[in-house]
Amino acid sequence: MDIDQLRKAHPDHWMRATALRALALDAVAHANSGHSGMPIGMADVATVLFSRHMKFDAKAPEWHDRDRFILSAGHGSMLLYGLLALCGDDEITLDEIKKFRQLHARTAGHPENFMAKAIEVTTGPLGQGIANSVGFAIAEEALRARFGNKLVDHNTWVIAGDGCLMEGVSHEAIGLAGRQGLGRLVVFWDDNGITIDGKVSIADKTDQLKRFEAAGWHVQAIDGHDPEAIDKAIVAAKSETGRPSMIACKTHIALGHAAQDTAKGHGALTDGDQNKAAKQAWGWTSDPFEVPAEILSWWREVGARGSAEREAWEDRLSQASGSRQAEFARIMAGEAPKKLSATIKALKKQASEEAPKHATRKASEIVLSAINPIMPETIGGSADLTGSNNTLTKDLGTFDTDNRKGRHIFYGIREHGMAAAMNGMALHGGVRPYGGTFMAFTDYARPSMRLAALSRIPTVFVMTHDSIGLGEDGPTHQPVEHLAISRATPNTLVFRPADTVETAEAWEIALRQTSRPSVLSLTRQGLPTVRTEHKTANLTEKGAYVLADADGKRQAILMATGSEVSVAMAARDILQAEGIGTRVVSMPSWELFEEQDEKYRRRVLPGGPVRVAIEAATRFGWDRWLFGERGKREKSGFVGMHGFGASAPAGDLFEHFGITAEATAQKVRDLIEGRWAPDPRI
């Protein structure tokens, strides 16, 4: 690559883009950690995009109709930080860049959306950003259909690398985007041919252009260092409204550095002499972290250019009716409507009075049928299991190329892509995404579920067929460890409701969240209503509560979730008939119970009685409630799974694995009589 030729061909552009290169080199070298090569290689693309095409106002990073920029190749975070600092962002400043990758800095090693308002997405795990971007584009389409293009009219731009495209989630994402014809989505592929191990060719020979074309994308290939070619390609992409666009940008990683076009160029370039030589090749003479006044002034103008467009948008919003303005503000703030509480209370009362025997997946559908009409921001979907997950209600309609007002998405068999797209919708704002699959397939969605928690967003994951109770499909589909995995994830609410009443309460809580995701673990098999006495209070909000107390002296406490709450109630009947006073505690959400004060937890789980936990899953995590919270090891037991399931009707499986009322009662008898032995399986 002839650097001199690039400098001479477009001198002004070159120096402006080189400001990004220099900041990346300086920050990584100063931190002695990071990834220099991608920001250096993609500086030309980013400069053209932000200066000529991006709709944004650096001083109003949360303007709702701004374009969204997603750095899917999150290891190149200094490209994003450099752009924000140069454009005049109030949070990502040049001083913050000097603290790159240091404790408490906003400039974390990989972009984190909650560290600064202008950071749209938490990226780093490759492929997540490009998959999130599909959700961003869906949200934009849905909101534009609802509110019109005077209020919603923006694009989503993505920079992705070879690693993003190799990760399997990208295949799910590009297939979904192509099928949905998301014309406001543009992906720049940093085609530099290098990964950490060496040349891409040692591991992959995919023709990415044909791959995207086959998925229904508009595809272009350009020189990623030629600003005019970049500009022309972006113009063409913007004019293609019926298909998402991919622009393959042929670039040189670590352009102009001794590590150019090598695997070393991917990582931290910290050799002082080599960095000095690179800057000389670029024609950059400023000291570290310094940007010449005329270049910084130009970038500041880029950052301020969108202010007039933002003000015009604000004027258009002010001209809308008061109710329309209020509704727009509500959904963008993620606030639930005032009607939600009354709707849930009415549904609970009906369920308590009629006492239906519903699978909680069916109960969820009933709840959604009441919620969706009053929350037009909900967008549901399923990974090819719509009839099993019960995520489609009759009023939703299907989101598709010819119906952007539809609110149910057929994601296809793409659990990971679905979860990532839902995260994108939640991050975009204005919509409330929920989507379903089988609980066992949280394995496929897991990276995105983790990022939902890390990103502090209220995505709702509807996971049905939650235990051996699904029956004949067998152990491949019977989740035994998945509750524990979800519960182990920080900042995640996990709900396993026992009946329609608890399901309604769980949905109300999930839809009121603004900064954490929820996992609803729902049954395939029908369950009796256990909450037959109507309570206006949301008891699930406490995480655990006394469902039935002991008659007479309390000698045992049975703790259960979901389908096993009815098992606990039946065991209580047996024990009470024998004069053994037994309390049943329903624990639909461990996380919420843990958040209650000590006084409340003590009332629910007092010391003294023997304790037995019942759950058709592994024991992992239950010891907190069996041994902790005033419990004792020698006075506790577990009724549940200690291995994988089997293929048989659900009733036979519960009997075979000993998850029955009689087995529970016997466990209590043994503990009261002192017949306790350590379980060799734990």
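Student: Which residues form the negative surface patch?

Tutor: In this predicted model, local features need pLDDT of at least 70, side-chain atom pairs count only at pLDDT 80 or more, and totals for chains, interfaces and linings use all residues. Residues are numbered from 1 along each chain as its sequence is written, and side-chain values use heavy atoms, with hydrogens and water left out. The negative patch is made of E472, D473, D652 and E655.

Student: What is the relative accessible area of D473?

Tutor: D473 sits in the loop between β11 (460-464) and α21 (482-488). Buried means under 20% relative accessible area, exposed over 50% and partly exposed in between, with a 1.4 Å probe and protein chains only. D473 is partly exposed, at 48%.

Student: How many of the 20 residues of α7 are buried?

Tutor: Helices are DSSP runs (H or I, at least four residues), and α7 covers residues 128-147. This helix is largely enclosed by the rest of the structure, because the buried residues number 18.

Student: Is F289, in its loop, buried or exposed?

Tutor: F289 lies between α12 (272-282) and α13 (293-304), and its phi is near 65°, a positive value in a residue other than glycine. With a relative accessible area of 12%, F289 is buried.

How values were computed. Helices (H or I, at least four residues) and strands (E, at least two) are DSSP runs, numbered from the N terminus. The expected span of a helix is 1.5 Å times one less than its number of residues. Patches are made of residues with over 30% relative accessible area and no salt bridge: like charges are joined within 9 Å, nonpolar side chains (Val, Leu, Ile, Met, Phe, Trp, Tyr) within 5 Å. Accessible areas come from the Shrake-Rupley method with a 1.4 Å probe; for residues, only the protein chains shown count as cover. A salt bridge is a side-chain nitrogen of Lys or Arg within 4 Å of a carboxyl oxygen of Asp or Glu. Lys and Arg count as positive and Asp and Glu as negative; His and the chain ends are not counted. The place of a charge is taken as NZ of Lys, CZ of Arg, CG of Asp or CD of Glu.
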